[in-house]
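Thanks for coming. I will take a few minutes on one structure, so please have a look at it first.

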Amino acid sequence: MDFSFQLDIVNELKTEGLFRSLRRVDPERPGRVTIGGRSVILLASNDYLGLADHPRIKEAAIAAVRRYGLGSGASRLISGNAAPLEALEERIARFKRTEASLVFSTGYMANLGVLSCLVPPNGLLMADRLCHASLIDGCRSNGCRFRVFEHGNLDPLERVLTRRPAHRPTVIVTDGVFSMDGDIAPLPRLVELARRHDATVFVDDAHATGVLGAGGRGTLEHFGEHFGLPPDSVIQMGTLGKALGCFGAYVAGSRVLIDYLINKAKTFIYTTALPPAVAAAASAAFDLMEEEPELRERLWRNRNHYADGLKTVGFNILNSETPIIPILIGDSQTAVAFSERLLEAGVFAPAIRPPTVPKGTSRIRTTVTAAHTRDDLDYALETLGKIGRSMGLI
Ligand SMILES: *Cc1c(COP(=O)(O)O)cnc(C)c1O
């Protein structure tokens, strides 16, 4: 292979301002990182509650490493099923108020594995256009009929539901919090539609667990729990690598669903189990989330202060309702230039470009966490405003 195909693609990406490369980012102190030897404010972490560096979580991981070593040595169904994994699954089911849960190595693998086997070949999967790439890939990999509906526009979705052949197993797939826009899925309407048309809702709570709801239990709790439905009628998925500050992911639902996934989800079966220490740390993170609601209160105070500031400065933050706050730019090159000037001024907030977001909607995606100080947020607001004005963006 002479790699000329790959070279052409790389060059094309560079010409279009869509080339991506890795950047070294080292943790410094809460809400800040060092990049190129300089301390900068971090507006790009999903560690919403600052748990990744919490002493209790680190201690839980270290204690489990001492007891279990690091790697799990095999897949769950072979010999990789140590006590901390089962304890974590019980902990998650209790937290999500479902019958059972199943841990996967990552959110990407959970979505791919679950959706690829959730409905039979005569089934129907429907997903919001702005769903995370792993959900879209999961739906595609099923091989059944798959339809994408416009973000939040449920009329065409209902038409498809109405016209479909009777008894076609159907799942409506959505992010709970959309990862690039920061808005919240209209879950009550989706669940109502699903109920009327004998379908099921699958909600990806990657950015909602630990963030939404008084107890941090996610999108369902945000809207008042189960809308009078049996708790397991909505399939919930979430990650352990965002607000939980750990790594991995889970699916929560009925016992039957979990038994089915253990037998049929290939990304669960054919992969090495999560290290026991990661599972032990995640259990500690669920405990902390329940015991320290002030972490979530601080997150939301920071979020509201910063989002109000951005609006006052004059930025378009789309319909953000959560700690994910996009700053819409439009053109890819301008978004990259803006992001680079921010970094020079000590604020790290990367540009997000197609294909992660639709063409013409390149943006600076910022996230606020409980770890930010008010001073850092105010400095970020001032800097964003100054550079935005100098570039004619506001
Ligand atoms: C981050 C994310 C995932 C993937 O989770 P990982 O554990 O990081 O693989 C899935 N869905 C959504 C909506 C996400 O934001």
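I will go through the nonpolar cores and then the salt bridges. Keep in mind that this is a predicted model.

Start with the largest nonpolar core, which has 34 residues. Those with the most contacts inside it are I57, L88, L240 and F286. Helices α2, α3, α11 and α12 and strand β10 each supply at least two of its residues. Helix α11, residues 276–291, gives the largest share, eight residues. Domain 1 and domain 2 each contribute at least three residues to this core.

What does L240 touch, beyond its neighbours within four places in sequence? Its contacts include L88, I92, F247, L274 and F286. Another core, of 30 residues, lies apart from the largest one; A110, L115, A249 and L257 are among its members.

Now the charged pairs. There are 18 salt bridges in the structure. Take E290 and R91, with 2.9 Å from N to O. E290 sits in helix α11 and R91 in helix α3, so this pair ties together parts 199 residues apart in sequence. Are the two partners buried or exposed? R91 is buried, at 6% relative accessibility, while E290 is partly exposed, at 42%.

D259 is partly exposed at 37%, and R255 is partly exposed at 39%.

Last, salt bridges with shared partners join E28, R29, R32 and D376 into one network. Within it, the closest N and O atoms of E28 and R32 are 3.9 Å apart.

Note on methods:
Residues are numbered from 1 along each chain as its sequence is written. This is a predicted model: local features need pLDDT of at least 70, side-chain atom pairs count only at pLDDT 80 or more; totals for chains, interfaces and linings use all residues. Side-chain values use heavy atoms; hydrogens and water are left out. A nonpolar core is a set of buried Ala, Val, Leu, Ile, Met, Phe, Trp, Tyr and Cys residues joined through side-chain atoms within 4.5 Å. Buried means under 20% relative accessible area, exposed over 50%, partly exposed in between (1.4 Å probe, protein chains only). Helices (H or I, at least four residues) and strands (E, at least two) are DSSP runs, numbered from the N terminus. Domain bounds come from an automatic or database domain assignment. Contact means heavy atoms within 4.5 Å. A salt bridge is a side-chain nitrogen of Lys or Arg within 4 Å of a carboxyl oxygen of Asp or Glu.
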